[in-house]
Structures are given as C-alpha cells and as structure tokens.
Amino acid sequence: MNIKILLSLFLILILSACSESEDSPASDEDILGFVEQTNSSTYYLNLGFNFQSEGIIRYDTNSKIPLYFVSNGGVEPDQKIISAINEIEDRLGDIFEDIVLIDYDLSVFKDHTSDGNEPIYSNRLGDDDGFQSFLSENNMNYGIAISEGTSFRPSGADPSSYCGNYSRAPYAGGNRLRLDESYAISSEYLGWVNLGNGTCSWSGDYALHEIAHALGMFGHFDPHFGLWDATAMDVLATIYNNPAGTPYDQVVVLRAD
C-alpha cells in the first residue's frame, strides 16, 4: 500500500471541550487501548477519505524533529512552552532540534473582518500563496511550528473553549497529515501548534496537550487526555517506544519508572 499520500483528514482538533484530566491509575491494557484510540486515523474527523491506520503513526526520531517558534519580533517562547518540551524530552529522549526563532507578524494571515480568530485562507488549511511563500522563505517544510495568540476560534464562539489547537497553519482549524510508506510522519510535513487566541489564558499542561497532538496523540480520551496527566505521558512514551507502523496489537507499553 503506497501511503506517501496527502491524507484528506480535515483534522479539527480545536479542543472545544478540554478539561482537567484525572491522574488515576491505568493498566497496561488501558494504555494499549488509549494508544490505538488516540493514534488511529479512524478517530480523525474525516471528509470522506477511508484510510484506516494499521499501526503506529509518529515522527521518525532517528533524526531530531525541527521546532520553530514564530512571533512578531522573534522573541523567545513562553517558559511554559520550554518546560513542556523539556518534560516530553525527559521521557522520550533528546528528540527535538533546538528551537529556531522566526521573526514574522502572523496576523497578516488572520481574517480581521471576523470577531473570532479565523484565517484568511479560504479552506482553513493555509493553502494560499502568501502562507506557502512564508514557509518557503523560512525553510519551514518539516517538523513542528509553535505560535501564541493564533488558536482557531470561529466567529461568536466562547474564547475559553478555543484556547489552543493543532493544525496546519496559524489561525487554521484543519489539517492534512502526510505519511511515508512506514507510517512515519513525512519529512515534507509541517504541523502547527497554536496556543491562545488573544483572550484566553493557557497553562503548561495545555502546551503539553497540543504538542502531544502534533506528535501523534490525535484524538482525546477520557479521563486522561482531556488535558494532561501521567497516563497521557505514558501513552505518548509508548507511541515513541514502538517504531512507526507497529501494528497496534504488537505495541509494547512503556511506563514511567
């Protein structure tokens, strides 16, 4: 099966109902179920594309994952973002490149006629020429980009319900994921983590949650991945303890010591 394809998944991970997670014990069997639930593409919002994952979807960490932080002025990321990245690497190892700071005013991609936090892109996926030119000029073709104040919020929606999301672009509410033949996230794919919408406040756990979406925890599962807790971290560590493409019934659980 050739799966170096554009998965038309229109992934609306807008976090319209994220809540604090309960850090209750989970068995190995529970973790295996959560891994498949969150990582399988059948849990995406899917616009008619009938792809079904046969195994683990994740970044290939044989080389480090590039990270970008985009801001007007090229400032350093909020410490909550740094702490979230460090917490993930404490469990998964040194998987990220050092953050590259990009100085750019992303508000040029915002629809200023909307009272929400919406993009100018006609299909909410950042396919317009201006955004693609921005990516090309900054050599942003792979990895994970992070920005603040750019979370998608539709017009009229409660800002506190749209405080962060994982998408393909700033202000965007959708995604198209690219995979290679091994089920690894393609080296031609850039995901975007949006934190805050200019009104709401977000926590370090929120940053962890959104970065975990980008790393392969695509769907929520209660009560642990409404936001973040130790079980959610065990699920992420388990995903990265198994090579991309590992069938879900052959996954080996990795828990904290």
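**The disulfide and its setting**

Mentor: One disulfide is found when the whole structure is searched; a disulfide here is a pair of cysteine sulfur atoms within 2.5 Å. The partners are cysteine 163 and cysteine 200, whose sulfur atoms lie 2.0 Å apart. The link of cysteine 163 and cysteine 200 is right-handed, with 100° about the S-S bond. Cysteine 163 sits in the loop between S4 and strand S5 (164-167), and cysteine 200 in the loop between S7 and H4, so the pair ties together parts that are 37 residues apart in sequence. Cysteine 163 is buried, at 2% relative accessibility, and cysteine 200 is buried too, with a relative accessible area of 17%. Buried means under 20% relative accessible area, exposed over 50%, and partly exposed in between, with a 1.4 Å probe and protein chains only.

A word on the basis of these values is needed. This is a predicted model, in which local features need pLDDT of at least 70 and side-chain atom pairs count only at pLDDT 80 or more, while totals for chains, interfaces and linings use all residues. Residues are numbered from 1 along each chain as its sequence is written, and side-chain values use heavy atoms, with hydrogens and water left out.

The elements named above belong to a wider arrangement. The protein has five helices and seven strands; helices (H or I, at least four residues) and strands (E, at least two) are DSSP runs, numbered from the N terminus. Their order from the N terminus is β-α-β-α-β-α-β-β-β-β-α-α. Of the 257 residues of the protein, 52% count as buried. Among contacts with a separation of 6 or more, 75% are between residues 24 or more positions apart, a contact being heavy atoms within 4.5 Å.

Tyrosine 183 lies in the loop between strand S6 (177-178) and strand S7 (190-195) and counts as buried, at 8% relative accessibility. Finally, the loop between helix H4 (204-215) and helix H5 (230-239) contains proline 223. The peptide bond from aspartate 222 to proline 223 is cis, with omega near 0°.
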